[in-house]
Every structure is written in C-alpha cells, then in structure tokens.
Amino acid sequence: MRTIGIMNRVLKELFRDKRTLALMFLAPILIMLLMSVIFNTNSSTDVSIGTISVSHKLNQQMADIKHVTVKTYDTKSAAKKALKNEKIDAIVKKNGSNYSLTYANTDSTKTATVKLAFKNALTATSINQLKSALTKSTKATVKLQAQLQAIQKQQAAATASAKAGSAATAAQQATSTKATSTTMATKSTSQKTPKITNHYVYGDKDTGYFAKMLPILMGFFVFFFVFLISGMALLKERTTGTLDRLLATPVKRSSIVFGYMLSYGVLAVIQTILIVLVTVWLLGIEVVGNMASVIVINLILALVALAFGILLSTFANSEFQMMQFIPLVIVPQVFFSGIIPLDSMAAWVKDISYIIPIKYAGDAVTDIIMRGTSIWHLGFDIGILLIFLVVLTVLNIVGLKRYRKV
Amino acid sequence: MSQAIIDLQHLAKKFGNQTVLKDINLTVNPGEIVGLIGPSGAGKSTVIKVTLGMEVTSGGSAKVFGTVMPNRQLLGRIGYMAQTDALYDTLTGRENLKFYGLMKGIAKADMTREVDYVAKVVDLTADLNKRVSGYSGGMMRRLSLAIALLGKPDLLILDEPTVGIDPALRRQIWAELGRIRDEGRSILITTHVMDEAELCGRVALLLDGKVMAFDAPAALEQQYQVKTIEDVFLKAEGVE
C-alpha cells in the first residue's frame, strides 16, 4: 500500500518535471536520429574505384551501380598514388583470375560500399556468363556427353595454364570466371569462385560495426538515464529532508526502495519501448527475435541501474558530486560493455567486464536482436543481472538504516 | 501523573569520537508542552533524532509511549516537523498532505477530512491546490506543520516550527498547540524564540550535551533570579 503510494508520488513528480522527461525520452531519440542521419548519409556516399587489368565487362557492371564511378589504371603505382591522394577509395586489381582489393578504409561505410559493389558486379558478371553458357548448353543437349569430355580436357588445360601464368597466387583455386571455365562449372558442380584478397590501408574489416553497437547502445541509454535520474531523485529527497520525514513515519525501508523501483520500472519500460521503436523504424535495424524480450531485458537492466544509482547517491552530497560518478561509473560501463571488442584485450582487462551489468544486458539483447535467441535460452545473462539486482536492492534497504535505525 | 510520553534517562550519544549528548534526562507528560532551548550545536536536533529512533542511544535509555526506541510502529503516533520544510515542490499542497497521510497510515476514508482539517488549522485551505514551488517561505512552513498535525498524533515533535512565520500566524499556531495540549496530547518543541519558551509548560535548557535546567519557566526565572527565559538562557551560558 505504502509502496504504491511512493510509486505514485515519484511518478507524479517525474511527469511534472518536463525537462527531465524530455531528457529521458527525447535525448535517446535525438542521438539515435543523429546517428541514423550520419550513418545513412554515409552509406549512400559516392565512391570511386580504381581498377587495374580488370575485364571491361566487370568495369561496366561496377560503373552501372549507383554512386560508383570506375577509373581504370594501367599500373599499380599510378592507382596507389590516386588512392593516396584520395582520388579513389579503393583499388581492384586482377591477378590471374584472382582479385586483390585495397581499401583506403578511412571511412568504413565507403569500404562497405566498395565491397558490396564489387561483389554484386562480380556476381552479375558471372550470372550473365552462366546464362549464356546455359543457353549454349541447352542447345547442345544432345552432344552433352561429348561436350563434357571436351570441357574436362579444357579444365585441365586451364588449370595448367593458370599454374604456369601466376606462380605466386593460389593456383589450385584459379578457374571459373573466364567464360570457358564457367561453362564447365555449370556442369561439373564444383564451381570455384575467384579468390578475393582484401587489403586495408587503415584499420581492418571490423572498423565499422554500428549494427553490433546498437543493442548495447540501447541498454546504455536505459542504464545511463535511469542511473542518473534516480540517483538525483534520491539525493534530492535526502538533501531536502523529505527522506528523513518519510522515515519518521511508520513506512518500511523496503517500501521506499520498492516504491522507487516500481516507478522507475514504469519509466524504463516506456523508455525502452520508445528506443526500440526508434531503432526499428528510424534506423531500420532488423530485430530477429522477440521485441518483448528486448524490453524485459532492458527493464531488468533499468532496475539494476536504479538500485545502483540509489546506492551511489548515498555517497554524494550534492548534484555535482553525483555527476562525478559519470566518468567513474558510466564511462567504464561503455568500455567493457562489448562495444569495443573484448577479444583483443588482455585477459585481466577482460575479467573486469564480468562485473559490468551492461555487458550481460548487451550480450542478451544482441542475441535476441541479431540471432533471434529466445529469452528462455538467456538464463545466464538474466540470472547474473538478477543477482546484481538482488544484491544492490538488499544493500539499499540495509543502507537506509543510516537514516533510521529500524 | 500517569506514565510519561517521552522518557529519556541518562541518555548519551556519540558520533565516532565526538560526544554530542552526555547525560540527558527529560520527560514529557501527557497534556504537556515541553520546550527545548539551547544554543546552536547544543544537541537539540540529536535529542529529537534519538527520540524518533533515527539514531540509537550510546548509553542510557530512550522510551516513547513506554516503549524503547527505535520502534517503527510507534512512529505512526508521532507527528514530526523538521527544521527543513521537507516538501515535494512539484506536488500541490494537497498532494503533499495526502502522500504523508498515506505514509502515516491514515485510512483512505478519513483522508479528505484530515487534510481539510489540518489545512484549516494552518490557514492554507485556499492554496491547497497550488504547487508547493509557488508557495512563499511562510506557506511552506505552515504546510510542513500541517503534515505533522495529520492523523491527530498523541505526540508532536516540532523542530523550530515558527521560523519564518509572521506574528499573527504564530499566535494562531500557538493557540492550536494549546488546544492540542488541552486534549491531553503532548508536544516537544525546540525553539530559538524565547517568548515562545514562556508558553511551554516546562523548559529544558540544553547546554554542552547536558540538561542544565528543566522546570517551568517561572521556576527557572526564580532559580536564576532573572525576569525572562532569555535572561536564564544568557545567564546559564555565561555561567558555563
């Protein structure tokens, strides 16, 4: 009864503080929108690809793709110079039947665009070739047997010539894209794609992982705002004396903590729903799994953040001191949440991530959003979050003894 | 005289190494207003905190309604008003009263009547639906007092209730406190205003963590051979 009373009061206070509400609900949307604008604009960015000894057909295919221009170069050094001067964003070089791609990679979205364009062009080229080969082969159905034998001979010859032609490259994989060998590939089912080697002038293939960041980012927003606002709310309650006065009534200490949890739980649910909707609609991120599961995980995370905020607020004497927890508590959460890949870190650094609540929520939400994992299979992450929640809640209830001894 | 409502015996309180209260003997009887006076830092607020059970005693005993404090259930029978107003700014006066009423355990059916009654006592009926953030300092103080009066508590503990309240209203509040006393309820009040101390049934003079003197105002004035409580206060401090 009193718990509900406290919940109602906290909610009433919150919903009358329009600015704080705006911070909670509009700030994440604003940031997400900004990200969406920035990332989406970049993904339709214009790229120019320099090619060296690439077939005319492939060049044509690439040039036909929107936002892609193709420049042909005769020598590697000329292309490299252009890459360095930012005239082109990538070089496609054909070595025998293999392709070597070099990306400037100063902009991960450009790299992704080039990759995609090249792949599409290559597929389109080979499909065209397959088509023509298919028509050819259907015409020659009767002579199929004979042709097959001829082709097999041809294949042997092609392999041999490729071996002789470029010793340095992986010759055993060389075949296919040439018209002659593709015809063969349709029949002999052992089609081999040309080997594509990627080179990056800057960074590596993991430079852009916005999609990976998003589920974690979602949890971060929930954690950050609930932590800060609930911490501030209890701090205010303490400094204005309302906490003392509240404790001078027969209210149970646990009722105060649970009342806060309920009210901020309600708030966190609204915030999470909003963030999920923004993510799905504005950013066009595909949620493979159940959206309700995403909300449940974020709700638990919000409660952990709440308990954490309340606990830490007892160590702060002013709003400014509460703000000082941001670099101490919030920023490390970002570092160890998984936004930055943990695999590359030293083992002892990695161990720190085990005490970071956002990591577990991030892992769970990533599984739900990207792999469609059912919430029932995320028992470990949820369990750890619940342990955080129970421990922090108990600490809070006991901690209120500082202000009243019973 | 029946059992004392507040009964503090040889009460001591230490915070770490700092001794705030040394030896407090204080009783508040039913139907009595007891004033607690003393310079800043004498330990008045600490006496109140121990009485409410916010702090535990380091020595001696603190009993309220014959029960050793701290005791959570007893808090429902005590009306407390702190030095700070302790109000929720974004809520209206009525919402503040209702919230604290709920926390005190006032039944829903009685709530409206209780709220209207205490609002009338402190003359806030007209402003009850305004938000507290729009209140003047005096109005906040009155609302704070109204909260303490909620639920007709048997014991009122008021920490400087009349600071920032104009003389007319102060007289009104004291008249109300007199009525409460006449109903057989008890009041423990701290004050800096010495003419208010004259209105108390008995006055405890707190100095250096000890009760220097505890008697009716007139008896104290006689004891110190002065005319007013203010002089008692000054003399006691001077003697120390």
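1. The secondary structure of chain A comprises 16 helices and five strands. The model under discussion is a predicted one. Chain A contains 406 residues, of which 37% count as buried. Contacts across the sequence are also worth noting: among those in chain A with a separation of 6 or more, 75% are between residues 24 or more positions apart.

2. The largest nonpolar core has 142 residues, and A:Val226 and A:Val304 are the members with the most contacts inside it. Helix H8 of chain A, residues 210–239, provides the largest share of this core, namely 17 residues. Which residues does A:Val304 touch, leaving aside its neighbours within four places in sequence? A:Val304 is in contact with A:Pro357, A:Leu385, A:Phe388, A:Leu389 and A:Leu392. Another core, of 20 residues, lies apart from the largest one, and among its members are A:Ile49, A:Val70, A:Ala79 and A:Tyr103.

3. Chain B has eight helices and ten strands. Its radius of gyration is 18 Å, close to the 18 Å that the globule rule gives for 240 residues, so chain B is as compact as a globular protein of that length. The C-alpha trace of chain B spans about 50 × 35 × 35 Å along its principal axes. Of the 240 residues in chain B, 47% are buried. When contacts in chain B between residues at least 6 apart in sequence are considered, 66% of them join residues at least 24 apart.

4. Strand E3 of chain B, residues 33–37, is mostly covered, since five of its five residues are buried. In a regular strand the side chains alternate between the two faces of the sheet. In E3(B), B:Ile33, B:Gly35 and B:Ile37 point one way, while B:Val34 and B:Leu36 point the other way, and all are buried.

5. Helix H3 of chain B, residues 108–121, has 14 residues and reaches 21 Å from its first C-alpha to its last, close to the 20 Å expected at 1.5 Å a residue. Which residues of H3(B) are buried? They are B:Glu114, B:Val115, B:Val118 and B:Ala119. Just after H3(B), B:Asp123 takes a positive phi of about 60°.

6. Finally, the two chains meet. The contact takes 22 residues from chain A and 25 residues from chain B. On the side of chain A that touches chain B, helix H1 (2–16) and helix H9 (242–247) of chain A each supply at least two residues. The largest share of that side, six residues, comes from H1(A). By class, the side of chain A that touches chain B has ten charged, seven nonpolar and five polar residues.

Definitions and conventions
Residues numbered from 1 in each chain as written. Chains lettered and ligands numbered in written order. Predicted model: local features only at pLDDT ≥ 70, side-chain atom pairs only at ≥ 80, totals over all residues. Helix = DSSP H or I, 4+ residues; strand = E, 2+ residues; numbered from the N terminus. Rg over C-alpha atoms; globule rule 2.2 N^0.38 Å. Buried ≥ 20, exposed ≤ 12 C-beta atoms within 10 Å, placed from the backbone. Contact = placed C-beta atoms within 7 Å. Nonpolar A, V, L, I, M, F, W, Y, C, P; charged D, E, K, R; others polar. Expected span 1.5 Å × (residues − 1). Core = buried A, V, L, I, M, F, W, Y, C linked by C-beta atoms within 7 Å.
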